[in-house]
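Please keep the sequence and the structure in view while reading.

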Amino acid sequence: MEKKYLLHMLTSAKNLSPFDANMAYDAGWDACIPYIQVESDEVKGLVEDAIFSRGPSGVKRTGLFIGGRDMHEAMEMLETCQKSMVPPFVVSAFADPSGAFTTAAAMVAKVEKALRDGHGEGLSGQRIVALGGTGPVGSAAAVIAANAGARVTILGRQKEKSDRAAELCNQKYGADQTVDGEANDQLDQLLGETDVVFASAAAGIQLVSKEQMANAPRLKVAADVNAVPPSGIHGLGVMDDGSPIEDSQSGAVGIGALAIGNVKYQTQHRLLQQMRETEEPVYFHFEHAFEVARQCASE
């Protein structure tokens, strides 16, 4: 009898995301086992239990998924997973806290495509504002865009928190000092020199008003990951996929939550499938999600 494909799903939150469990089953995993409220110092022991209990053939049908709600914690857990392997007892792992990595990757990939379609440009050299940038989606999107050559400013309620988030992005993930932090009250000033807006703050809150849209002369693309009304960006609809934004004086186009969500879904599905099908272990995070999201966005 062949061994089943088992995905051990770790999260520091009190509940495992039903979204992630559904995605894993739909990608072909036979069983998904949740581990909730996992602390960082428990990861090594859980990994060892997972790899030593199935033998060399069984580990090829075993995987680890890391959820939670914190980008940096998830990346540290992924690193611990990788360091805890003892060849030939080696399994694949995928970090996607609250779906933030695949969501951020999808948003940046859709924006990149809109820039190429509308302006013949990529992300390199673009000035980007990340609203709600201190959260996992905003921070991951900032790193992805910065590593592609953009200059990104993370905005949050408190400048001190935005500065800390930007510093972590620069130091931990190779953004090379191209991510800055600012408070939300600087948005009006920043919009005058902004090419792209990422919106990933709390759902149901408008972040960019009609008046602010009218005072963004360089704006090319705006993207919003939240589907709960009102839109985070005035004039941008959840189904927009490169449509002109109402009241934009620059002719900017919008990428709505459902257009981003479609690419996010495909990206997470493909990465979960790759984990199950690979002969050699893989360790996925936001960089790998962006590679796949680019492919999905171009199809």
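In which sense do strand 5 and strand 8 pair, and over how many bridges? Strand 5 (residues 127–131) pairs with strand 8 in the parallel sense, over four bridges. The model is a predicted one, in which local features need pLDDT of at least 70 and side-chain atom pairs count only at pLDDT 80 or more, while totals for chains, interfaces and linings use all residues. Residues are numbered from 1 along each chain as its sequence is written, and side-chain values use heavy atoms, with hydrogens and water left out. Helices (H or I, at least four residues) and strands (E, at least two) are DSSP runs numbered from the N terminus, and two strands pair if DSSP finds at least two bridges between them.

Angles here run from 0 to 180 degrees between N-to-C directions, and axes are lines fitted to C-alpha atoms, for helices over the stretch in contact.

Contact means heavy atoms within 4.5 Å.

D195 counts as buried because its relative accessibility is 3%; buried means under 20% relative accessible area, exposed over 50%, and partly exposed in between, with a 1.4 Å probe and protein chains only. Leaving aside residues up to four places away in sequence, D195 touches G125, Q126, R127, R218, L219, K220 and V221.

A second open sheet has five strands in the order 2-1-3-4-12, with parallel pairing. Strand 2 (31–35) and strand 12 (283–284) stand at the edges with a single partner strand each, so one side of each lacks a neighbour in the sheet. Strand 1 (residues 6–10) is joined to strand 3 (residues 62–66) by five bridges, the two running parallel, and L10 has I66 as its bridge partner in strand 3. Five bridges also join strand 1 to strand 2, again in parallel, with L6 opposite A31.

How enclosed is strand 1 by the rest of the structure? Five of its five residues are buried, so strand 1 is largely enclosed. L6, H8 and L10 point one way from the strand, and L7 and M9 point the other way.

Helix 10 (residues 257–277) lies across strand 1, strand 3, strand 4 (92–95) and strand 12, and runs at about 165° to strand 4. One of its residues is A257, which is buried because its relative accessible area is 8%. Not counting residues up to four places away in sequence, A257 touches D224, V225, N226, A227 and V238.

Two packed helices are described by the angle between their axes and the distance between the axes. Helix 1 (residues 18–26) packs against helix 10 at an angle of about 55°, with the axes 9 Å apart. The two helices are therefore oblique to each other; angles under 35 degrees count as roughly parallel, over 145 as roughly antiparallel, 65 to 115 as roughly perpendicular and the rest as oblique. In this contact, F19, D20, M23, A24 and D26 of helix 1 meet K264, Y265, Q268, H269 and L272 of helix 10.

Helix 11 (residues 286–298) also meets helix 10: their axes come within 9 Å and cross at roughly 120°. Helix 10 is therefore oblique to helix 11. Here V263, Q266, T267, R270, L271 and Q274 of helix 10 meet H288, A289, V292, A293, Q295, C296 and A297 of helix 11.
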